[in-house]
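Here is a short briefing to keep beside you while you look at the two chains.

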Amino acid sequence: MDAATLIAVVSILTAGLTIAIGSIGPALAEGRAAAQALQAIAQQPDAANTITRTLFVSLAMIESTAIYCFVVAMILIFANPFANRAIEAASQGVGG
Amino acid sequence: MEISPDAWVLHEWRGVQLNATIVFTWGVMALLALGSWAITSRLSTEETVSRWQVALEVIVTTIRDQIAEVGADDPGRYLPFIGTLFLFIATANILAVIPGYQPPTGSLSTTAALAICVLIAVPLFSIGKRGLRGYLRSYIQPTPLMLPFALVGEISRTIALAVRLYGNVMSGTVIVGILISVAPFFFPVVMQVLGLLTGLIQAYIFAILAMVYIGSASRSRQASDDPSIQDTGD
């Protein structure tokens, strides 16, 4: 197995792990936030507007951790800087 | 697969590349500017008001109300900046229903530029409100030990603002691209609809967070314990 293949294997595995582990936390947190917000709206329907607005803002905040993981996974798969370097090194090794 | 409209070069002239991000950004800007110019050139205070004017009034008053609810005492001061952020991002995301269009917010350059606008606007509004001394003193409240944390928070929330918007819009585009190759026709449409919803929500979030940052920096310390929404620098 040459370096480029090894890098590809590790990148794909890591991308899968990144998105898998990185989505568990935000999923739990978003469910908890939504449940609490629904409970709060059920108790105080008058404050529904404020609660909904704060809920949206906090959901976006929580979701951004999952989005960071997604961006990292995308970089690993589609724009991996190390893969390009390995391919360059391999082509130089063949050419020189 | 292209994960950014930056890579899509429409025109190249003597080494100057005109990519899709620039073209669509100017398209959105032209649409917003021409649209609001066409509407506001025929404003009336008579009994008959054109429906476009009503729509514009609804948008402006809604943004003003939202700014006021987040805790600014004079929404008119922040309305141009926050309203522009919201309208630009929302229009850029909604126009994704047009085939062949790629939202410029799906490029990290655009979102980083918007986030840097917020980074600069926070001290400007704060200095305008509390003076230079008052603004600088907010960094060493309650103790000077907090100075590095405040500085890191300032940088990290700007990065978070940029990457959040970029990641959301880009993920929508990428997921649709993947689904088209896996399960064509129906599921991509559903994800597009979801993408429209997240696009609007992200525009709202971006504007609201910018307002929260500006508000928390420019509010005086006594009034800063507003329980409705707190500054979370994440």
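A salt bridge here is a side-chain nitrogen of Lys or Arg within 4 Å of a carboxyl oxygen of Asp or Glu. By that rule, the structure holds four salt bridges over all chains. Please keep in mind that this is a predicted model. Chain B pairs two strands with six helices, and chain A meets chain B through 14 of its residues.

**The salt bridge between the chains**

- How many salt bridges does the rule find across the interface of chain B and chain A? There is one.
- The partners are Arg53(A) and Glu69(B), whose side chains come together at 2.3 Å, N to O.
- Glu69(B) sits in helix H2 of chain B, while Arg53(A) belongs to helix H2 (residues 48-78) of chain A, so the pair crosses between chains by the helix assignment used here.
- In general, side chains of opposite charge can pair when their charged atoms come close.

**The rest of the interface**

- On the chain B side, 25 residues are in contact with 14 residues of chain A.
- Together the two chains bury about 1800 Å², and 75% of that area is on carbon and sulfur atoms.
- The polar count is one residue pair in polar contact between chain B and chain A, with both residues at pLDDT 80 or more.
- Three helices of chain B each supply at least two residues of the side that touches chain A: H2 (51-70), H5 (147-182) and H6 (187-218).
- Which helix gives the largest share of that side? H5(B) does, with nine residues.
- Sorted by class, the side of chain B that touches chain A has 15 nonpolar, seven polar and three charged residues.

**How chain B is laid out**

- Reading from the N terminus, the elements of chain B follow the order β-β-α-α-α-α-α-α.
- The C-alpha trace of chain B spans about 55 × 55 × 40 Å along its principal axes.

**The strand pair of chain B**

- Strand E1 (residues 9-13) and strand E2 (residues 16-19) of chain B run antiparallel and are joined by four bridges.
- Val9(B) stands opposite Asn19(B) in E2(B), and Trp13(B) has Val16(B) as its bridge partner.

**Annotated spans in chain B**

- An unreviewed UniProt entry gives "transmembrane region" for residues 20-39, 78-101, 107-127, 165-187 and 193-214 of chain B.
- In the model, residues 20-39 of chain B are 100% helix and 0% strand, with end C-alpha atoms 28 Å apart.
- Residues 165-187 of chain B are 83% helix and 0% strand, and the C-alpha atoms at the ends lie 23 Å apart.

**Annotated spans in chain A**

- How far apart are the end C-alpha atoms of residues 13-76 of chain A? They are 10 Å apart, and the span is 94% helix and 0% strand.
- The UniProt annotation "transmembrane region" (unreviewed entry) covers residues 55-79 of chain A.
- That span, residues 55-79 of chain A, is 96% helix and 0% strand, with its end C-alpha atoms 34 Å apart.

Note on methods: Residues numbered from 1 in each chain as written. Chains lettered and ligands numbered in written order. Predicted model: local features only at pLDDT ≥ 70, side-chain atom pairs only at ≥ 80, totals over all residues. Heavy atoms only, no water. UniProt positions renumbered as here; feature names shortened; annotations may be inferred. Pairing = 2+ DSSP bridges. Contact = heavy atoms within 4.5 Å. Buried area = accessible area lost by both parts, 1.4 Å probe. Polar contact = N/O pair within 3.5 Å; in protein donor to acceptor, adjacent residues only side chain to side chain. Nonpolar A, V, L, I, M, F, W, Y, C, P; charged D, E, K, R; others polar.
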